[in-house]
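Student: I would like to learn how to read the features of a model like this one, step by step. Could you take me through it?

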Amino acid sequence: MIKVEGLTKRYARTVAVDDISFEVQKGQIVGFLGPNGAGKTTTMRVLTCFLPPTAGTAKIAGFDVLQQPLEVKRRIGYLPEAPPLYPEMEVIEYLLFVGKLKGIPKADLKYRVDEVCERCAINDHRTRLISKLSRGYRQRVGLAQAIIHNPAVLILDEPTAGLDPKQIIETRELIKSLAGDHTIILSTHILSEVEQTCQYVIIIDRGKLVATDSVENLTRRLRGSESVAVEIEARDGVLDPASAQRCLEQVPGVSRVLQKETRDGRHVFEVESLPGRSVRGDLARAVVAAGWNLNELRPVALSLEEIFLQLTASEKAAPAGASK
Amino acid sequence: MRNVWTIYRKELRSYFASWVAYALIAFFAVIFGYFFYVATAIFVNSSFQSQMMGRGMPMDMNEWIIRPLMMNVSVIGLFIIPMITMRLFAEEKRSGTIELLMTSPVRDLEIILGKWFAAVTFYACILAFSALNLAFLFLYGQPDWKPILVAYLGLLLQGGCLLAVGTFISSLTRNQIIAVGGTFAVCLLLWVFEWVGSYETSTWARVVSYLSVLTHFEPFAKGVLDTKHVVFYLSAIFLGLFLTARSMEALRWRA
């Protein structure tokens with residue numbers, strides 16, 4: 001649905017986006033992740049035909065952003081970082097205007113406006129002036145504006161920035177409900193947002209592509225060896241943590257055992273296994289055989305936060321190492 | 001074409017949603033009313049005098065009232081027009097709504113035309129208030145209406161040309177103050193260029209005074225419809241809108 005090849009955008013002095021390539025399949029939600037100033041907004045602006053690329057190509061549904069901008073624009077809905085609203089208009093008036101601008105036939109216009117009002121939960125605020133709306137409602141109107149013409153591709157630039165926690169959850173739910181019919185790219189610098197909303201993630205840092213993969217794959221790939229949190233409790237009496245640790249270390253495949261915390265006779269250990277070995281079954285048997293209660297046994301996934309730091313750190317380390 | 005209409009409707013609505021529109025109309029109505037009063041008073045006085053002196057020839061309303069009035073209006077226009085065009089693009093650029101327009105399936109030219117037509121329409125609405133005063137002339141006398149129409153056509157052409165210039169200047173900045181100041185400076189220049197022709201007759205003076213929008217308006221005020229002046233205004237409008245289109249393109253490449 002979206003195909004970007006060797007995309008570069010250079011401003012007068014800086015390179016905002018440097019040779020980025022990625023592809024997004026139909027119906028996916030893709031998170032565009034990077035710290036502030038990484039080039040997320042610039043990439044999105046190229047995809048929406050707002051800015052032309054300096055080099056490389058970007059295609060949406062097979063149409064090139066430079067060659068056939070009108071065809072591309074017909075197929076995208078775009079919510080910039082600041083919702084593009086006219087404060088002097090009423091909500092309904094604004095949506096009718098955008099609908100006409102996006103080329104919705106006159107006969108469908110009313111119906112489409114009703115539908116997006118319903119979908120974005122702005123029915124109660126239809127006749128309010130946009131200047132009187134709260135930040136959360138403005139964002140919703142912005143989103144309604146982006147989906148009014150039922151675009152195949154939806155490009156959302158930091159859709160949850162500046163919202164309160166409840167609004168963030170609502171917006172995420174709304175975005176998730178749009179998946180399937182629409183291919184969605186959303187940019188964010190909040191990692192948990194990607195984990196919660198997206199299936200795929202594209203990470204960029206200072207204009208360069210750092211990683212692109214599904215969220216689970218990325219987690220797995222970076223984890224390399226599995227690590228498991230084990231919580232043990234003595235059935236009666238007191239449990240000696242040192243002996244518990246020794247017992248866990250003896251399980252085949254375990255490379256390292258760390259004692260994490262101890263609370264009211266319960267002990268939590270983090271067990272790392274050798275690469276390619278699954279030790280959870282053996283761990284459980286060992287604990288039970290020793291006569292303790294196994295309260296919890298859960299794989300510890302690396303959070304995206306850690307992945308992100310690892311990826312960007314290795315990126316920084318590589319050129320330094322090469323120069324030596 | 002439908003897109004031009006959509007943008008046109010939206011722009012016109014934004015004009016009248018703001019108090020600035022009504023302030024401009026009021027400002028124009030007061031100034032015009034004052035000039036109208038002065039011109040009529042002079043006319044009435046001198047026609048009394050000429051009758052007392054025994055000259056039989058009745059004085060011509062068109063020549064004594066309407067012509068100087070229309071010249072005045074064309075100068076008042078220079079002050080009003082920057083305020084009409086200042087927000088056209090500057091406001092959209094400041095608030096970010098330009099991203100909505102430029103990422104919608106609309107051509108740049110359609111955006112520009114919609115905005116410019118709306119500005120011209122609004123200017124015409126302002127001018128229409130002068131017709132209220134002129135109606136009194138028809139009530140108490142018999143002025144010739146054809147030269148009046150020609151004069152209004154001239155005002156619209158002159159306005160259209162300055163509005164196109166203003167649209168261009170508005171597209172260069174995101175600051176409305178700069179847009180209004182810049183447009184006013186250009187309008188002023190195009191006005192004072194006319195003076196050069198009055199005390200110099202060298203070629204460059206003729207060229208400079210030819211560039212003045214007022215030089216070309218004078219025949220219209222007299223009720224003379226001359227195609228060469230119409231062509232001047234039309235080509236100036238074209239130039240202004242063409243530059244705006246280039247500036248929008250530059251916005252994409254530089255932004």
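Predicted model: local features only at pLDDT ≥ 70, side-chain atom pairs only at ≥ 80, totals over all residues.

Student: How is the packing of two helices described, and at what angle do helix 3 of chain A and helix 1 of chain B pack?

Tutor: Two packed helices are described by the angle between their axes and the distance between the axes. Here, helix 3 (residues 91-101) of chain A and helix 1 (residues 2-17) of chain B have axes 9 Å apart and pack at an angle of about 160°. Because of that angle, helix 3 of chain A is roughly antiparallel to helix 1 of chain B. The crossing of helix 3 of chain A with helix 1 of chain B is left-handed.

Student: Which residues make the contact of helix 3 of chain A and helix 1 of chain B?

Tutor: On helix 3 of chain A they are F97(A), K100(A) and L101(A), and on helix 1 of chain B they are N3(B), T6(B) and K10(B). Sorted by class, the contact of helix 3 of chain A with helix 1 of chain B has 2 nonpolar, 2 polar and 2 charged residues.

Student: How many residues does the contact take from chain A and from chain B?

Tutor: Chain A gives 19 residues and chain B gives 18 residues to the contact. On the side of chain A that touches chain B, the elements that give two or more residues are helix 2 (69-75) and helix 3 of chain A. The residues on that side of chain A divide into 12 nonpolar, 2 polar and 5 charged.

Student: How do I read helix packing inside chain B, for instance where helix 2 and helix 6 of chain B cross?

Tutor: The axes of helix 2 (residues 19-52) and helix 6 (residues 108-140) of chain B come within 9 Å and cross at roughly 35°, and the crossing of these two helices is right-handed. Helix 2 of chain B contributes residues including A21(B), L24(B), F28(B) and F36(B), while F122(B), I126(B) and N133(B) are among those from helix 6 of chain B. The contact of helix 2 with helix 6 of chain B divides into 10 nonpolar, 3 polar and no charged residues.

Student: At what angle do helix 7 and helix 8 of chain B cross, and which residues meet there?

Tutor: Helix 7 (residues 145-170) and helix 8 of chain B cross at roughly 140°, with axes that come within 9 Å, and helix 7 of chain B passes helix 8 of chain B in a right-handed crossing. From helix 7 of chain B, L162(B), V165(B), G166(B), I169(B) and S170(B) meet A179(B), G182(B), T183(B), V186(B) and C187(B) of helix 8 of chain B. By class, the contact of helix 7 with helix 8 of chain B has 6 nonpolar, 4 polar and no charged residues.

Student: How many residues does the largest nonpolar core have, and which of them have the most contacts inside it?

Tutor: The largest nonpolar core has 129 residues, and those with the most contacts inside it are V30(A), Y94(A), L95(A), A144(A), I155(A), C161(B) and A164(B). Leaving aside residues up to four places away in sequence, Y94(A) touches L85(A), Y86(A), M89(A), I130(A) and V141(A). A second, separate core of 12 residues includes V228(A), I232(A), F269(A) and A286(A).

Student: Is helix 1 of chain A buried or exposed?

Tutor: Since 8 of the 8 residues of helix 1 (residues 40-47) of chain A are buried, this helix is largely enclosed by the rest of the structure. Its buried residues include K40(A) and R45(A), as well as M44(A), V46(A) and L47(A). Just after helix 1 of chain A, C49(A) takes a positive phi of about 65°.

Student: Where does A61(A) lie, and what is its phi?

Tutor: A61(A) is not a glycine, although its phi is positive at about 50°, and A61(A) lies in the loop between strand 4 (55-60) and strand 5 (63-64) of chain A. With 17 C-beta neighbours inside 10 Å, A61(A) counts as partly exposed. R206(A), also not a glycine, has a positive phi of about 45°, and R206(A) is placed in the loop between strand 9 (200-205) and strand 10 (208-214) of chain A.

Student: How many residues apart in sequence are L188(B) and L78(B), and how far apart are they in space?

Tutor: L188(B) and L78(B) are 110 residues apart in sequence and 7.0 Å apart in space, C-alpha to C-alpha. L188(B) is in helix 8 (residues 176-199) of chain B and, with 13 other C-beta atoms within 10 Å, L188(B) is partly exposed.

Notes. Residues numbered from 1 in each chain as written. Chains lettered and ligands numbered in written order. Axes fitted to C-alpha atoms, helices over the stretch in contact; angles between N-to-C directions. Helix = DSSP H or I, 4+ residues; strand = E, 2+ residues; numbered from the N terminus. Parallel < 35°, antiparallel > 145°, perpendicular 65-115°, else oblique. Left-handed = near helix turned anticlockwise from the far one by under 90°. Contact = placed C-beta atoms within 7 Å. Nonpolar A, V, L, I, M, F, W, Y, C, P; charged D, E, K, R; others polar. Core = buried A, V, L, I, M, F, W, Y, C linked by C-beta atoms within 7 Å. Buried ≥ 20, exposed ≤ 12 C-beta atoms within 10 Å, placed from the backbone.
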